[in-house]
Amino acid sequence: MASRTNPAERRDAIARQPRARLPTGPKLQHIPRGAGPLRSRLRDSRQAGMDHDRDTAHQMGQLLNRFVVGKLPFPELTRALAPLCRTAEGADALDDLLQRWIDVQGLGVSLAEGIRSETLTLAAAPPVETPASRSAPPRNLPGMVEDAVLSSFVDRFKKERSGGNPAAKHDTLGSALSAYEGLRLRRYARETTEGAVRPPLQTKPEAEAQKGMVLRDRFILENELGRGGMGIVYRAIDRRRLEAGARQPYVAIKMLNLSFASHPDALRALEAETRRTQDLADPRITTVYDFDRDGTHAFIVMELLEGVGLDRLLREEPTFCGSEDAQRVLRDLMEALAFTHSRGAIHADLKPGNLFLCADGRLKVLDFGISAVAGQNALEEAPISGLTPSYACPERNEGGPPSASDDVYALGCLVHLLLTGRHPYDRMSGSEAKAAGIAPYELPMLPPAARRAVNAALSFDEAQRPADAGAFLAAFTAEPENRNSLFSFWSARKNG
Ligand SMILES: Nc1ncnc2c1ncn2[C@@H]1O[C@H](COP(=O)(O)OP(=O)(O)OP(=O)(O)O)[C@@H](O)[C@H]1O
């Protein structure tokens, strides 16, 4: 096996690369409007002894404080800060204040940048003259009404859900959303016949999620972590946690594609699924805190993971495959799946992209059960990506409902990938591999029982596969050398 020096360190380095870290270096200086990112600026133009107007700084501090505790929305914060930043001293004071919040309060750099750039842009604009326009919200009225109506549906739904029959409650939300969608359609139809331009029904460009956006007056989107088939994942500050003095005020928010807003069935099923995931209290399963809506935005709030996705890790560090860390990932995955299958929960889209290696070496499984929703007949039109063909068994490729045995097939693929770096069927989908009549590669490093278990897991015939991950784990660890320590045979063979 290729020699590897400190894989954990290299992994940590990969995990660290793209992440915005809070600056620990020297303080930042004021630079002219429109110049580069906050953290990259130097302070060499700051005059020694230069002091900001104390009142201005105090006023700014109060505004920022109210924003962070959720009493002042982002647009109002920047509108209130802008007049204070029309002079170079004012802009300097804002920089100092933001820097202090970054250093002392843990305010995210990108959020600080967002506040700064929006404030300075507003400050550069000609002063607004009329009181009416000063207080006017930036958004159009129909959009606000729509957001308010949709929010009220969800609020009512949540209230009802907390005391009654779950089926009836879901129906309430579904029918309310459908009725509202119908009303919108009729309104647009009327406007069109009256000669007005028909706006798009599902997506409003101004409603796209972006950093700095505040959801439910609580979650502030800080920066994008990545994109998937269902939407965009953001790192966000949870003001409630911040107010409560939580050590970790950050969460991850998956903003679902805007098209979800017009699929009440999909939303309902997804919400039910995320609630089920909340019951899977297992440290290896990513914790889902909530499913919520704000206006046309539907989103899932999860624990924020620090580390690296396995898909990226395998791309950037191929020598990870076969390492003892990779074996540990496999063991954790097998045990996590055995646990969830024993609770009747299936994943239905296991793949490297849904496995996350935390900075402390722990495995976390993402998106549990979400893809299973896509398999339900009622959701044929749902905007959910569903499954990943090269990790899906033939019957699932052919549209069959998800089952624990699908996860076992994907697990077989992941054993190959993590031990050898190769997909057992050269990334073909289950159906393609079956049609081609090929067999999986051999895994000579495994003891015979474990090898048989993996081959059975990769069978194209569902009846030949272990029924669930518990059965797979039992077969995989059938030999005594495996049973004590799942992969002790590996180091024994390496050293032998
Ligand atoms: N809770 C989280 N904490 C930190 N990063 C996350 C979290 N959830 C997802 N991510 C990251 O966000 C990115 C997008 O995740 P997402 O689950 O949407 O993508 P995916 O699984 O590749 O897509 P698909 O929905 O098509 O399966 C990935 O890089 C993932 O590692």
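# Rings, charges and a ligand

Visitor: Are Phe219 and Phe299 buried or exposed?

Guide: Phe219 and Phe299 are both buried, a term used for under 20% relative accessible area, with over 50% called exposed and the range in between partly exposed (1.4 Å probe, protein chains only). The model is predicted, so local features need pLDDT of at least 70 and side-chain atom pairs pLDDT 80 or more, while totals for chains, interfaces and linings use all residues. Residues are numbered from 1 along each chain as its sequence is written, and side-chain values use heavy atoms, without hydrogens or water.

Visitor: How many aromatic pairs are there, and why is the pair of Phe219 and Phe299 called edge-to-face?

Guide: There are 4 aromatic pairs, where rings of Phe, Tyr and Trp (its six-membered ring) pair if their centres lie within 6.5 Å, and planes under 30 degrees apart count as stacked, over 60 as edge-to-face and the rest as tilted. The centres of Phe219 and Phe299 are 6.1 Å apart and their planes stand at 75 degrees, so this pair is edge-to-face. Phe219 belongs to strand S2 and Phe299 to strand S6, 80 residues apart, strands being DSSP runs of E (at least two residues) and helices runs of H or I (at least four), numbered from the N terminus.

Visitor: What makes the pair of Tyr425 and Phe460 tilted?

Guide: The centres of Tyr425 and Phe460 are 5.1 Å apart and their planes 35 degrees apart, which gives a tilted pair. Tyr425 sits in the loop between helices H15 and H16 and Phe460 in the loop between helices H17 and H18, so the pair ties together parts 35 residues apart in sequence.

Visitor: What places Arg235 over the ring of Tyr250?

Guide: Arg235 lies over the face of Tyr250, 3.9 Å from the ring centre; the rule asks for NZ of Lys or CZ of Arg within 6 Å of the ring centre and within 35 degrees of the ring normal. Arg241 lies likewise over the face of Tyr289, at 4.5 Å.

Visitor: Why is Lys254 counted as buried?

Guide: Lys254, in strand S4, has 9% relative accessibility and therefore counts as buried. An unreviewed UniProt entry annotates Lys254 as "binding site", although such annotations may be inferred rather than shown by experiment.

Visitor: What is the distance between the side chain of Lys254 and the ligand?

Guide: An N or O atom in the Lys254 side chain is 3.0 Å from a ligand oxygen atom, and one in the side chain of Asp367 is 3.1 Å from a ligand oxygen atom.

Methods. A polar contact is a pair of N or O atoms within 3.5 Å; within protein, one must be able to donate a hydrogen and the other to accept it, and residues adjacent in sequence count only if both atoms are side-chain atoms.
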